[in-house]
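Please look at the structure shown here and keep it in view while reading.

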Amino acid sequence: MLFLHGFPEFWWAWRHQLPVVAAAGYRAVAMDLRGYGASDKTPRGYDPFTVSADVSGVIRSLGASDAVVVGHGWGGFVAWSAAVLAPRQVRAVAAVAAPHPLMLLTSGQLRAAVQMGWFQLPILPERRLLAHDGIHIEQLLRAWSAAGGDFPDAEASRRYRAALQVWPAPHCALEYHRWFVRSRLRSDGRRYSTRMREPIGVPVLQIHGGLDGAVAPAASVTPAQYVTGPLRYELLTTVGHFPHEEAPEQFNQLLLDWLPGVSPTTPLATEGDTP
């Protein structure tokens with residue numbers, strides 16, 4: 001199983017899942033997406049074609065022919081994309097707070113849509129992420145999670161703020177958002193949209209938080225024409241944009257209930273990795 005984090009996190013976001021999934025008999029690996037954490041911070045390559053190739057390459061480099069790919073937020077966007085663009089390496093998809101990419105433009109909450117627009121500006125968003133020891137990163141985490149909840153706690157805030165303080169990590173993280181918006185009228189964006197209209201034939205699990213401050217749960221249910229494999233949708237009513245961190249026990253139970261039908265167990269292992 002390969003776990004892909006979202007914005008503004010890194011592989012550590014899956015700390016509650018890795019030991020539990022490994023204890024159940026699966027090989028569990030969490031990677032840093034390109035530009036995040038300890039991964040290479042390349043000047044380009046933040047489009048879904050390249051990042052799907054990253055995912056495919058990591059799976060094969062670990063000696064596996066395919067994997068169940070679990071992605072949160074932008075990691076979910078990559079998981080959906082890899083199921084179409086690198087189908088031989090994707091056995092199943094678990095998309096967490098991540099609508100199908102063709103629905104992403106219409107599924108954002110107003111506040112998150114405004115934030116996405118702000119991210120399109122040059123230089124200023126990076127400066128804001130770096131300012132005041134990264135306090136804006138904590139503010140984003142808190143705004144998108146359930147109001148009044150315990151996430152992020154002090155340790156999560158410290159780790160996520162520190163991870164995006166390493167230049168050019170803030171710029172790399174924002175390049176995913178910029179590609180998605182700016183490619184709408186370009187040939188690569190049109191080519192991506194055309195490819196993503198191909199139905200996904202592998203099993204898909206979608207998990208969303210009912211109090212998600214970034215993605216509107218009501219707009220995240222995937223139409224049947226996009227998934228021809230078994231599709232399961234779960235709504236956790238008391239959590240926000242980070243179900244795997246806000247309610248890890250409930251999230252883990254859903255994941256473990258779903259896994260036996262899509263993945264044979266493998267020798268026990270737990271890993272963190274970077275592309």
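Asp133 is exposed, because its relative accessible area is 52%; buried means under 20% relative accessible area, exposed over 50%, and partly exposed in between, computed with a 1.4 Å probe on protein chains only. This is a predicted model, in which local features need pLDDT of at least 70 and side-chain atom pairs count only at pLDDT 80 or more, while totals for chains, interfaces and linings use all residues. Residues are numbered from 1 along each chain as its sequence is written, and side-chain values use heavy atoms, with hydrogens and water left out.

Asp133 is found in the loop between α6 and α7. Helices (H or I, at least four residues) and strands (E, at least two) are DSSP runs, numbered from the N terminus. Although Asp133 is not a glycine, its phi is positive, at about 60°. Ala97 likewise has a positive phi, near 50°, in a residue other than glycine. Ala97 is placed in the loop between β4 (90-96) and α4 (104-107), and it is buried, with a relative accessible area of 2%.

Leaving aside neighbours within four places in sequence, Gln165 is in contact with Leu129, Leu130, Asp133, Gly134 and Ile137, where contact means heavy atoms within 4.5 Å. Between Gln165 and Leu129 there are 7.9 Å in space, C-alpha to C-alpha, although they are 36 residues apart in sequence. Gln165 counts as partly exposed, because its relative accessibility is 26%.

Phe7 and Pro8 are joined by a cis peptide bond with omega about 0°, and Pro8 lies in the loop between β1 and α1. The bond from Phe151 to Pro152 is also cis, with omega near -5°; Pro152 is found in the loop between α7 and α8.

The next topic is the aromatic rings. A pair of aromatic rings is described by the distance of the centres and the angle of the planes. Rings of Phe, Tyr and Trp (its six-membered ring) pair if their centres lie within 6.5 Å; planes under 30 degrees apart count as stacked, over 60 as edge-to-face and the rest as tilted. By this rule the count comes to 16 aromatic pairs. In one of them, the ring centres of Phe7 and Trp144 are 6.2 Å apart and the planes stand at 50°, so this pair is tilted. Phe7 lies in the loop between β1 (2-4) and α1 (18-23), whereas Trp144 belongs to helix α7 (residues 135-144), so the pair ties together parts that are 137 residues apart in sequence. Phe7 is buried, with a relative accessible area of 3%, and Trp144 is buried as well, at 8%.

How are the planes of Trp74 and Phe180 arranged? Their centres are 5.8 Å apart and their planes are at 70°, so the pair is edge-to-face. Trp74 lies in helix α3 (residues 74-85) and Phe180 in helix α9 (residues 169-182), so this pair ties together parts that are 106 residues apart in sequence. Trp74 counts as buried at 10% relative accessibility, and Phe180 is buried at 1%. Ring pairs link Phe49, Trp74, Phe77, Trp179, Phe180 and Tyr192 into a cluster.

Helix α7 leads on to the packing of helices. Its residues His136, Ile137, Glu138, Leu140, Leu141 and Trp144 are buried, and their cover includes α5 (110-119), α6 (124-130) and α8 (154-163). The axes of α7 and α8 come within 9 Å and cross at roughly 125°; axes are lines fitted to C-alpha atoms, for helices over the stretch in contact, and angles run from 0 to 180 degrees between N-to-C directions. That angle makes α7 oblique to α8, because angles under 35 degrees count as roughly parallel, over 145 as roughly antiparallel, 65 to 115 as roughly perpendicular and the rest as oblique. The contact is made by Ile135, Ile137, Glu138 and Leu141 of α7 and Ser157, Tyr160 and Arg161 of α8.

A further crossing involves α3 and helix α10 (residues 187-196), whose axes come within 9 Å and cross at roughly 75°. This makes α3 roughly perpendicular to α10. Here Phe77, Trp80, Ser81, Val84 and Leu85 in α3 meet Tyr192, Arg195 and Met196 in α10.
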